[in-house]
Amino acid sequence: MRGVDKITEKNVTGAMKDVKRALLDADVNLRVVNALLKQIKARAVGADVTPGVEPGQMLVKIMHEELTKIMGSNQAPLANRTDGEPTVVLLAGLQGAGKTTAAAKLALYCLKEERSVMMIAADVYRPAAIDQLKTLGKSIEVDVFQMGTDVNPREIVRKGLQEGKTRKINTIIVDTAGRQVIDAKLMKELKDIKSVSKADETLLVVDAMTGQEAATLTRSFNDEVGITGAILTKLDGDTRGGAALSVQQVSGSPIKFIGVGEKVQKLEPFYPERMASRILGMGDVLTIVEKAQDVMDEAEAEKMTRKMMENKFDFNDFLKQTKMLSQMGSLGGLMKMMPGIGGQINESKLKEAEVKLKVADSIIKSMTKQERGNPELLYTAPSSRSRVERIANGSGRSLAQAKNMISDFQKMRTMMQRMSKQMVGGPDGTPAE
Ligand code: GDP
Ligand code: MG
């Protein structure tokens with residue numbers, strides 16, 4: 001409870017800076033970052049803050065949702081024709097991006113989906129490229145169509161598709177040549193191959209370590225050849241994957257798969273939500289907000305505050321609150337997740353508090369319904385002494401423990417009343433009264 005219930009530009013300035021730094025650290029293109037921050041500001045200012053959460057933490061959560069949305073929210077599947085014609089998948093990208101590896105990975109993926117597959121070797125500039133694809137094909141038992149290095153790639157693809165059709169292959173994957181840099185000749189060749197193959201998918205293969213450059217790269221390929229999606233490779237490294245965001249923002253096309261290793265099995269569908277967490281790298285904060293959202297009901301929180309103000313907070317409320325705390329995990333675990341204080345908590349104090357909560361719990365559970373709802377019965381009524389003795393006996397705790405617990409509760413109640421009145425002050429933040 002912090003007395004702040006809306007996000008304002010001011011109460012998230014620090015968090016805005018943190019988010020910006022996180023995105024830049026993740027190698028998201030600066031222009032993309034600025035566009036995103038503008039977008040997030042527009043959405044976040046005025047938004048409600050979940051009780052128990054700080055405005056800055058809430059902002060991080062909203063950012064995460066926004067990033068997920070940009071990256072497509074749902075997993076985008078690979079095209080799959082149902083009219084009997086083969087689905088043609090063209091792979092494009094710079095040299096070394098992982099196209100040839102991705103071709104074999106995709107082929108294996110299709111096999112698992114029970115599609116028949118064939119690959120076409122259309123990289124004619126290096127003899128080794130054809131051998132590489134053939135070796136990979138052999139390892140997964142997928143045929144590779146090739147005509148050596150002396151034939152025009154356009155011609156190879158045309159012939160390869162003919163063969164695929166005759167053999168009633170479901171999916172044909174075309175591996176193309178790459179250059180170290182984007183040049184006109186490569187783009188022309190790709191455009192040619194795309195038009196002769198009438199590709200259903202043109203996937204841009206992007207090395208995740210390209211970082212900032214991914215935006216420019218995507219723009220060129222998308223403007224000149226046109227892409228339907230992308231495969232982000234080499235995400236098994238420690239790169240945070242900001243390239244994913246740039247690719248998506250620039251092309252408007254989804255990332256469909258990620259490469260997470262050199263082996264042919266190391267291909268995974270792309271999940272926007274997971275990638276958003278990876279890029280933001282603030283998993284702990286997200287967990288805190290999600291947990292609080294799960295257990296905190298806003299109406300309930302308001303009711304509780306009112307009760308505190310009127311000094312009506314009773315043992316039932318106390319039980320509810322401690323239950324909520326325990327749903328959020330251990331006190332210690334929760335404190336450790338809080339940015340800034342994680343390292344400073346005192347383990348033995350925390351243990352002590354957790355034990356105290358357990359003792360209190362057992363004592364309260366020995367109270368009658370009437371006593372739980374009217375704590376006064378235990379410290380002002382003439383019968384209070386015998387009541388406390390009975391409760392202590394029933395809970396298996398000592399009389400001193402029960403007395404201490406009740407007197408702590410009394411003090412807490414008074415303090416809560418004072419604090420809640422200060423928090424719910426006038427509109428300008430000055431305390432009421
Ligand atoms: P191409 O020039 O675009 O065809 O790239 P290649 O498929 O030949 O891959 C270039 C290098 O990157 C090879 O050494 C691959 O083993 C490696 N590679 C490809 N994808 C991945 C990946 O997802 N993770 C890792 N760690 N290495 C990869
Ligand atoms: Mg290659």
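Two residues are in contact if their C-beta atoms, placed from the backbone, lie within 7 Å. By that test, and leaving aside neighbours within four places in sequence, R413 is in contact with N311 and F313. The model described here is predicted. The protein chain has 18 helices and eight strands. Of its 433 residues, 39% count as buried. Among contacts between residues at least 6 apart in sequence, 76% join residues at least 24 apart.

**The sheet**

- Eight strands form an open sheet with mixed pairing. Their order is β3-β2-β4-β1-β5-β6-β7-β8.
- β3 (143–145) and β8 (267–269) stand at the edges. Each has a single partner strand, so one side of each is left without a neighbour in the sheet.
- Neighbouring strands of this sheet are turned by 25 degrees against each other on average, direction ignored.
- Helix α7 (residues 184–197) packs on the sheet. This helix touches β1 (87–92), β2 (117–122), β4 (171–176) and β5 (201–207). The direction of α7 makes about 175 degrees with that of β1.
- Strands of a sheet pair through backbone hydrogen bonds, either parallel or antiparallel.

**Strand β1**

- Six of the six residues of β1 are buried, so this strand is largely enclosed by the rest of the structure.
- T87, V89 and L91 point one way from β1. V88, L90 and A92 point the other way. All of these residues are buried.
- In a regular strand the side chains alternate between the two faces of the sheet.
- β1 and β4 pair in the parallel sense over five bridges. V89 has I173 as its bridge partner in β4.
- Four bridges join β1 to β5, and these strands also run parallel. L91 has L203 as its bridge partner in β5. A92 stands opposite L204 in β5.

- Five bridges join β5 to β6, which run parallel. L204 stands opposite A230 in β6.
- L232 has I258 as its bridge partner in β7.

**Ligand 1**

- The shell around ligand 1 holds 18 residues. The closest are G98, K99, T100, T101 and G259.
- Helix α4 (residues 99–112) gives the most to this shell, with three residues.
- The residues of the shell divide into three nonpolar, ten polar and five charged.

**Annotated span 254–267**

- UniProt lists residues 254–267 for "domain: SRP54-type proteins GTP-binding" in an unreviewed entry.
- In the model, the span is 0% helix and 43% strand. Its end C-alpha atoms lie 16 Å apart.

**Two lysines with positive phi**

- K168 has a phi near 55 degrees, a positive value in a residue other than glycine. K168 is in the loop between α6 (153–166) and β4.
- K168 is exposed, with 10 other C-beta atoms within 10 Å.
- K234 has a positive phi of about 60 degrees, although it is not a glycine. K234 is in the loop between β6 and α9 (242–251).
- K234 is buried, with 23 other C-beta atoms within 10 Å. The cut-off for buried is 20 or more, and for exposed 12 or fewer.

**R413 in helix α18**

- R413 is found in helix α18 (residues 399–423).
- R413 counts as partly exposed, with 19 C-beta neighbours inside 10 Å.
- D314 is 99 residues from R413 along the chain. The C-alpha atoms of R413 and D314 are separated by 8.4 Å.

How values were computed: Residues numbered from 1 in each chain as written. Chains lettered and ligands numbered in written order. Predicted model: local features only at pLDDT ≥ 70, side-chain atom pairs only at ≥ 80, totals over all residues. Near = placed C-beta within 6 Å. Nonpolar A, V, L, I, M, F, W, Y, C, P; charged D, E, K, R; others polar. Pairing = 2+ DSSP bridges. Axes fitted to C-alpha atoms, helices over the stretch in contact; angles between N-to-C directions. UniProt positions renumbered as here; feature names shortened; annotations may be inferred.
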